[in-house]
Structures are given as C-alpha cells and as structure tokens.
Amino acid sequence: YFVPVSFCVLLIIAGIRSKAQNPLIRDQFSADPSARVFGNRVYLFPSHDIMANEGRGRIGWFCMEDYHVFSSENLTDWTDHGVIVEQNKVPWVKPDSYSMWAPDCIFRNGKYYFYFPSIPRDTSNGRGFTIGVAIADKPEGPYLPLSEPVKNVRGIDPNVFIDKDGQAYLYWSQGNIYGARLKDNMVELSSTPVILQHLPDKGLKEGPYLFERKGIYYMTYPHVENKTERLEYAIGDNPLGPFRKTGVIMDESATGCWTNHHSIICFKEQWYLFYHHNDYSPAFDKARSVRADSLFFNPDGTIQKVNPGFR
Ligand code: FUB
C-alpha cells in the first residue's frame with residue numbers, strides 16, 4: 001500500500017520541478033542573468049553581448065547596446081519579448097557607448113523597476129558608470145526610462161532586494177560592493193551608500209546578488225584575486241550586513257569566461273542558480289550564454305557548490 005503512494009508522490013514532485021536546458025537562450029548571446037519569478041513564470045533580464053567592430057564599441061571588449069527580456073514557465077521553453085531598453089533611447093546615456101552592462105528588475109506596488117548601468121553623457125561628476133531605472137506596468141514592458149540616473153550612485157551591476165518589512169535596498173559594485181536603502185519610490189536612495197563589511201579585502205568584487213532564506217541574508221558575488229572570477233557568498237543577519245565570508249558557489253574557470261555573474265531564485269519549490277558560460281563562443285569570453293542549474297542548501301543553510309552542467 002505504502003510503496004505505490006510514495007511512488008506517486010515522487011512522480012508528482014518530479015513533474016512539478018522544472019529542469020533547465022542549457023544554454024537557455026540559443027539565438028543570441030546573453031550574459032549577467034537576473035532571473036525573477038513574477039506570477040507563475042520566470043523572467044530573465046540578461047545583458048545582451050554583441051560583437052564590436054569598427055565604429056561599434058571597442059574591439060576585444062564587452063559590447064552591449066540594448067536589453068531583451070525573456071520568460072518561461074518551465075525553464076526550457078523561453079519566449080523572447082524583444083528589446084525593452086536601448087542605449088540611444090535613454091536620455092542620460094552617452095550615445096553609442098555600447099555599455100549597457102548587467103541589469104536587474106523587481107516588482108513593487110504594481111510596477112516593474114528595471115535597473116541598468118551605463119556610461120552617462122554628463123561627466124561633470126567624473127568618468128565611469130552610473131545606474132538608471134526604467135519602469136513598466138508589465139514585466140515584458142513597455143519600459144519607460146527615467147531621464148536621470150539614480151543620484152549618489154557610481155558603479156555597475158545593480159541588484160535590488162525588498163525585505164519582509166517592505167524596505168528596499170540597492171546594491172552595486174565599484175571594486176567593492178556598496179549598498180543603500182531605497183525610498184518607496186524605488187528610484188532615490190534614502191541612506192548614504194556604505195561598503196559592505198567583511199567581504200574579502202583583496203581583489204575585485206562585483207555582481208552583487210542578495211537574497212534571504214529562512215532568516216539568513218546571503219550576499220553572493222563574483223570575486224577575482226588572480227585572473228578569473230569565483231562565485232562566493234557571505235551570510236549575515238541584516239541586508240546591509242555585517243556579513244561573514246562563508247563559501248564558494250562556483251569555482252573559477254568553471255564557465256570558460258573570466259567573469260561570472262549570477263542570480264538565485266526559488267521557482268516551484270526548487271532553488272536555481274543562473275549564470276553565464278562560454279557555450280557558443282569558446283574562443284572569446286565576452287560573447288556569453290546564460291545557463292541555469294539547480295542549487296541545493298545544506299541543513300545548516302550553507303550552499304552546495306554548483307558544477308556547470310550538473311542539474
Ligand atoms: O557584462 C559586463 C560585466 O561583466 C558585468 O557588469 C560584470 O558583472 C561582468 O559580468
């Protein structure tokens with residue numbers, strides 16, 4: 001009697017859990033995946049790598065001019081909803097700078113807020129990247145970019161987290177990882193940016209992604225000490241830390257790229273790590289492809305290492 005019942009339960013669980021088919025996007029390069037669950041679908045907001053050439057970007061370097069959004073209900077069949085933001089349609093972005101780097105998106109009060117870094121036209125506050133926002137009523141857009149970037153932010157790789165008490169936080173990187181509270185309007189800071197404490201002292205840390213599970217705040221980030229980024233994490237009791245360096249999620253060299261950049265979601269009761277790999281461009285690591293693999297936690301809350309290709 002018990003054997004068939006448990007077998008049925010197993011079949012039901014197996015049926016509910018989705019399995020990713022990697023790489024996820026097969027008709028274009030995609031990188032820096034920010035995955036979000038909106039309703040019963042996963043929405044994927046990646047960077048869109050294209051090849052630089054004479055007159056388009058910097059040859060041999062990252063080259064991105066726009067963002068697409070994709071969605072799926074099973075992590076296998078993906079719908080491309082098309083371009084949502086283009087560099088030359090954002091008032092504050094320097095035209096033809098081809099620097100629409102890693103974005104993020106979040107839902108709040110009936111709106112979808114899409115955060116993206118780029119090079120500003122106005123360099124009066126110094127050179128380098130800053131971060132802007134585009135807002136939509138639906139996850140697939142249309143997104144309306146704001147005319148100015150977020151004040152007091154300099155850097156790349158925006159990540160947004162909304163805590164259980166409703167407080168929103170913006171994280172970004174500029175060598176170190178910075179964080180600040182956001183106002184309810186989601187487009188202005190309500191606190192002075194701080195460098196997150198007790199992450200590794202040495203080496204570049206970028207691509208922050210914060211999530212909470214069972215009361216533990218996980219700050220996850222690619223970190224490079226030598227040549228290649230390793231995906232690491234630190235845990236803490238508060239969204240702005242302090243954190244404790246805790247472990248490695250993915251080893252360096254696992255993606256064939258010097259970068260790694262990721263997001264972590266729970267979808268239909270299974271946790272997933274989204275990251276990028278050199279699947280379609282083994283000889284040039286700035287033409288990347290997005291993947292997803294299952295992610296598992298130990299009973300003490302630590303994260304098991306992910307080996308690309310294992311699901
Ligand atoms: O995609 C351009 C940059 O490479 C991102 O902003 C970094 O996180 C790294 O993936």
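Modeller: This is a predicted model. One place to begin is strand 9, which pairs with strand 10 in the antiparallel sense over five bridges.

Biologist: What makes strand 9 and strand 10 a pair?

Modeller: At least two bridges between two strands are needed. Strand 9 and strand 10 have five bridges, so they count as paired. Within this pairing, N159 stands opposite Y171 in strand 10.

Biologist: How many residues lie between strand 9 and strand 10 in their hairpin?

Modeller: Five residues lie between the strands, and G166 in this hairpin takes a positive phi near 90°.

Biologist: Why is strand 10 called largely enclosed by the rest of the structure?

Modeller: Strand 10 covers residues 168–174, and six of its seven residues are buried, so the rest of the structure largely encloses it. A residue is buried if 20 or more other C-beta atoms lie within 10 Å of its own.

Biologist: What joins strand 3 to strand 4?

Modeller: Five bridges join strand 3, residues 66–72, to strand 4, residues 79–86, and the two run antiparallel. D66 stands opposite E86 in strand 4. Their hairpin has six residues between the strands, and L75 there takes a positive phi near 65°.

Biologist: Which residues are around the ligand?

Modeller: The residues around the ligand are A31, D32, S47, F62, W101, A102, I156, D157, E206, G207, T259 and H261. Strand 1 (31–38) and strand 9 (156–162) are the elements that give two or more residues to this shell. The shell divides into five nonpolar, four polar and three charged residues.

Biologist: Why is D32 called buried?

Modeller: The cut-off for a buried residue is 20 or more other C-beta atoms within 10 Å. D32 has 28 C-beta neighbours inside 10 Å, so D32 counts as buried. D32 is found in strand 1, and its phi is near 50°, a positive value in a residue other than glycine.

Biologist: What makes H198 partly exposed?

Modeller: A residue is exposed at 12 or fewer neighbours and buried at 20 or more, with partly exposed in between. H198 has 13 other C-beta atoms within 10 Å, so H198 is partly exposed. H198 lies in the loop between strand 12 (194–195) and strand 13 (204–205), and its phi, near 70°, is also a positive value in a residue other than glycine.

Biologist: How do you know that N260 is buried?

Modeller: N260 has 29 C-beta neighbours inside 10 Å, so N260 counts as buried. N260 is found in the loop between strand 17 and strand 18 (263–267). Not counting residues up to four places away in sequence, N260 touches P222, E229, L231, M250, T255 and Y275. N260 and G241 are 19 residues apart in sequence and 23 Å apart in space, C-alpha to C-alpha.

Biologist: Which peptide bonds are cis?

Modeller: P242 is found in the loop between strand 16 (230–236) and strand 17 (243–250). Another cis peptide bond joins N22 and P23, where omega is about -10°. P23 has its place in the loop between helix 1 (2–16) and strand 1.

Biologist: Which residues have the most contacts inside the largest nonpolar core?

Modeller: That core has 77 residues, and those with the most contacts inside it are L44, V85, Y113, F114, V160, M219 and L273. M219 touches L196, P208, L210, Y233, A234, G236 and F243, not counting residues up to four places away in sequence.

Biologist: What does the predictor say about its confidence in the chain?

Modeller: The chain averages a pLDDT of 93, and 93% of the residues score at least 70. Over residues 1–18, however, the pLDDT is below 50, and this stretch has eight contacts in the model beyond near neighbours in sequence. Where pLDDT is low, the predicted coordinates should not be read in detail. For the complex, the predictor gives an ipTM of 0.98 and a pTM of 0.93.

Conventions: Residues numbered from 1 in each chain as written. Predicted model: local features only at pLDDT ≥ 70, side-chain atom pairs only at ≥ 80, totals over all residues. Near = placed C-beta within 6 Å. Helix = DSSP H or I, 4+ residues; strand = E, 2+ residues; numbered from the N terminus. Nonpolar A, V, L, I, M, F, W, Y, C, P; charged D, E, K, R; others polar. pLDDT = per-residue confidence, 0-100. Contact = placed C-beta atoms within 7 Å. Core = buried A, V, L, I, M, F, W, Y, C linked by C-beta atoms within 7 Å.
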